[in-house]
Amino acid sequence: MAISPTSARAAERLLAVEEALERILSGVAPLGAREVPLLDAVGRTLAEDVTADRDVPPFRNSAMDGYAVRGEDVASAPASLRVVGSVAAGGVPDRGIRHGEAMRIMTGAPMPDGADTVVRVEDTDNGESTVTITAATPRGLSVREAGEDLKRGSTVLTTGTTIRAAEVGLLASIGRPKPLVIARPRVAVLSTGDEVVDVGEAPAPGKIRDSNRYSLGAAIWACGCGPWLRPIVRDTPDALRAALRDAMDADAIVTSGGVSVGDHDWVKPVVGELGTIDLWSIAIRPGRPLAFGELRDGTRRIPFFGLPGNPVSALLTFEMFVRPALLKMSGRTRLHRPRVQATLLDTVDKPAHLRFFARGIHDAARGAVTTTGPQGSGILRSMSLANCLIDLPPGTKHVDAGETVTVILTESPEDR
Ligand code: AMP
Ligand code: MG
């Protein structure tokens with residue numbers, strides 16, 4: 001069957017951001033779970049509840065370098081005690097202590113029987129056979145109880161937890177070198193366009209360098225997924241078909257360009273051949289055209305995101321639509337960036353019927369936001385200068401300085 005480029009009619013109805021996002025999120029699901037080495041678990045979602053295999057700390061131990069004593073012997077100072085031994089971290093005390101005795105003890109070393117208090121070395125004369133305590137020390141000071149961090153058998157982390165440095169430490173402390181996590185989505189990234197050449201090539205007349213594969217690859221990386229950069233795709237259905245087939249090992253596919261209604265926009269018909277696709281005209285600027293669908297490879301279904309070619313549109317639609325989907329595939333339940341209210345410091349003109357995402361610089365201390373200057377969808381510097389998006393709703397074509405606006409903090413991790 002002959003195919004033709006996208007017809008203008010297919011892209012007529014304007015879709016709201018929420019509606020598109022809802023459809024996208026309902027079309028993707030978390031990947032399967034796998035065991036990974038502990039450090040590879042950073043940024044992944046835990047796919048099991050983990051319990052402590054023993055108390056942490058596993059035994060009563062000293063929080064200071066000093067002397068293990070009985071509290072009643074050091075309730076007032078000065079006090080003189082007989083030193084009966086020494087215990088270092090990793091060792092075990094060779095005896096207990098009694099009234100009038102002290103044992104030298106290092107941080108992390110097990111407490112000797114009979115001792116309930118540690119006097120830090122700074123509060124002593126550091127004596128070897130006898131020690132003079134120079135500061136009164138309350139009973140129980142500088143002792144860490146067994147299990148005060150984690151109790152044996154207790155649930156330490158639950159399914160769905162995002163693993164950060166602290167969670168890696170907890171997993172290590174309970175002896176889990178290979179936690180079960182949701183797999184990291186591997187995302188194929190394709191640039192389409194006869195005008196596009198790779199960054200290392202000298203662009204011939206009429207050609208431009210490919211920035212999208214790299215900016216999108218970086219954005220994929222930044223949200224904890226693995227970018228898989230594929231060769232540049234020429235504007236023919238055959239080239240696109242072959243490139244998509246080659247990318248089907250991925251967990252998701254992201255393309256840029258070729259989703260408008262030009263004569264060489266092949267994404268919709270070709271993806272339609274290999275699976276299903278919707279081409280939407282979203283009521284936003286930048287980034288109006290957006291294609292979402294899935295490719296089929298036997299029983300596998302690979303989510304497909306066709307982003308517009310303009311560099312700002314590509315990154316912005318990634319931020320608004322692809323990032324939440326990839327986070328969901330990663331097992332996350334918090335998918336969206338934090339939003340705050342701020343006072344707009346400059347005046348913005350926008351298309352009246354569209355939601356406009358101006359690139360902004362948010363000053364949290366002052367609760368204020370300014371735009372980054374020219375906002376054209378080819379002006380990538382507008383995004384480079386930005387630390388936020390200013391979310392201006394449809395219905396107005398002019399937002400005055402001094403108005404309160406909603407700001408999406410694109411440099412902060414998701415919070416809801
Ligand atoms: P398209 O969506 O294919 O109509 O492309 C829209 C605009 O984005 C055109 O000016 C393209 O030259 C430009 N463009 C498309 N792909 C890229 C790319 N990978 N890197 C930079 N600019 C691009
Ligand atoms: Mg193109």
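Seven strands form an open sheet of mixed pairing, in the order β1-β18-β20-β21-β17-β13-β16. β1 (14-15) and β16 (226-229) are the edge strands, each with a single partner, so one side of each has no neighbour in the sheet. Strands here are DSSP runs of E with at least two residues, numbered from the N terminus, and two strands pair if DSSP finds at least two bridges between them. Strands of a sheet pair through backbone hydrogen bonds, either parallel or antiparallel.

The model is predicted: local features need pLDDT of at least 70, side-chain atom pairs count only at pLDDT 80 or more, and totals for chains, interfaces and linings use all residues. Residues are numbered from 1 along each chain as its sequence is written, chains are lettered from A and ligands numbered from 1 in the order in which they are written, and side-chain values use heavy atoms, with hydrogens and water left out.

**Pairs within the open sheet**

Strand β18 (residues 275-282) runs antiparallel to strand β20 (residues 289-297), and 7 bridges join them. Trp-280 faces Leu-290 of β20 in this way, standing opposite that residue. β20 also pairs with strand β21 (residues 300-307), in the antiparallel sense over 7 bridges; here Phe-292 stands opposite Phe-305 in β21. The hairpin of β20 and β21 has 2 residues between the strands, and Gly-298 takes a positive phi near 65° there.

**Pairs around β25**

Strand β25 (residues 368-371) pairs with strand β22 (residues 339-344) in the parallel sense over 2 bridges. Strand β24 (residues 355-363) runs antiparallel to β25, joined by 4 bridges. Val-369 in β25 is the bridge partner of Leu-344 and also of His-362. β24 and β25 form a hairpin with 4 residues between them, and Gly-367 in the turn has a positive phi of about 65°.

**Loops with marked backbone angles**

| Residue | Backbone feature | Loop |
|---|---|---|
| Pro-57 | cis peptide bond with Val-56, omega about -5° | between β3 (50-51) and β4 (61-62) |
| Pro-78 | cis peptide bond with Ala-77, omega about 0° | between β5 (66-69) and β6 (79-87) |

**The ligand site**

Ligand 1 sits in the second largest pocket. A pocket is found on a 1 Å grid over the protein atoms alone, as an open set of points where a 1.4 Å probe fits, with protein on both sides within 12 Å along at least five of seven lines; a molecule sits in it if more than half of its atoms lie within 2 Å of its grid points.

Around ligand 1 there are 16 residues, the closest being Glu-195, Asp-210, Ser-211, Gly-258 and Gly-309; such a residue has a heavy atom within 4 Å of the molecule. This shell divides into 3 nonpolar, 10 polar and 3 charged residues, where Asp, Glu, Lys and Arg count as charged and Gly is among the polar ones.

Polar contacts are pairs of N or O atoms within 3.5 Å. A polar side-chain atom of Ser-191 lies 3.3 Å from a nitrogen atom of ligand 1. A backbone N or O atom of Gly-258 lies 2.9 Å from an oxygen atom of the ligand, and a polar backbone atom of Gly-309 is 2.9 Å from an oxygen atom of ligand 1. On its own, ligand 1 has 480 Å² of accessible area, of which the protein covers 78%; such areas come from the Shrake-Rupley method with a 1.4 Å probe.

Key:
Polar contact = N/O pair within 3.5 Å; in protein donor to acceptor, adjacent residues only side chain to side chain. 1 Å grid on protein atoms, 1.4 Å probe; cavity = no way out; pocket = protein on both sides within 12 Å on 5 of 7 lines; lining within 4 Å.
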